[in-house]
Amino acid sequence: IYVITCGIEGCACGQKDDTCERGFFSLFLQAIYGIDFAARNSIPYHIDFGNIRYCYSDSRQDDANWWNYYFRQPVALRPPYLRTVVNRFHELYPIPIWDRSHFRKMNRHVRQLVFREDVAKHIDAAREELTGRNALGVHVRRTDHPDSVLPVELRDYYRIVDKLIGRHEILFLS
């Protein structure tokens, strides 16, 4: 089983203790790149973000692996154990490649992810609430990769939202 994880030697996040401050999308991309690596090598995979504390770790959850809160695993890591191999940093660190063919390739893996039933119900309820409504969607990025994608100042978000909000009946903020 190919174990996709972070908090590994060589990771560019510069992890100095038992925490990782990378953002959700950065870790999500790492998981997708790992799924792609496993697919290219025809090996089963398991995503384990329970090895260290992440921004998305929640001590109230029974499972330290925050990935399991959202998604079903294709392969469980429980007895009887299969041989496991943990990813190496250079195999799947998320390098931003802004090419349509790359997006299409990675999208195939994203579409295979299966949400846990309770999470899927929550997403469906939010989708139902927004369907047919004129919504302004705003995604605020303020976390990882400030060197490759400069963060947008909050005042710029406010200015644009103030300009557009009158044409919409609801604001969806992510």
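A salt bridge here is a side-chain nitrogen of Lys or Arg within 4 Å of a carboxyl oxygen of Asp or Glu. Keep that in mind for the close-ups below, which come from a predicted model.

**View 1. The whole chain, for orientation.** Of the 174 residues, 30% count as buried. The structure holds 9 salt bridges, and a few of them get their own view below.

**View 2. D36 and its two salt-bridge partners.** D36 pairs with R40 at 2.9 Å, N to O. Both sit in helix α1 (residues 24-40), 4 residues apart, so about one helical turn separates them. D36 is buried at 7% relative accessible area, whereas R40 is exposed at 52%. D36 also meets K105, this time at 3.7 Å, N to O. Because K105 belongs to helix α4 (residues 100-112), this pair ties together parts that are 69 residues apart in sequence. K105 itself is partly exposed, at 29%.

**View 3. R159 and D156 in helix α6.** These side chains form a salt bridge at 3.8 Å, N to O. They are 3 residues apart in helix α6 (residues 154-164), so again about one helical turn lies between them. R159 is exposed (51%) and D156 partly exposed (25%).

**View 4. T5, tucked into a loop.** T5 lies in the loop between β1 (2-4) and β2 (19-20). With a relative accessible area of 5%, T5 is buried. A polar atom of the T5 side chain is 2.6 Å from the backbone oxygen of D48. Beyond its sequence neighbours within four places, T5 has contacts that include Q30, F49, Y54 and V86.

How values were computed:
Residues are numbered from 1 along each chain as its sequence is written. This is a predicted model: local features need pLDDT of at least 70, side-chain atom pairs count only at pLDDT 80 or more; totals for chains, interfaces and linings use all residues. Side-chain values use heavy atoms; hydrogens and water are left out. Buried means under 20% relative accessible area, exposed over 50%, partly exposed in between (1.4 Å probe, protein chains only). Helices (H or I, at least four residues) and strands (E, at least two) are DSSP runs, numbered from the N terminus. A polar contact is a pair of N or O atoms within 3.5 Å; within protein, one must be able to donate a hydrogen and the other to accept it, and residues adjacent in sequence count only if both atoms are side-chain atoms. Contact means heavy atoms within 4.5 Å.
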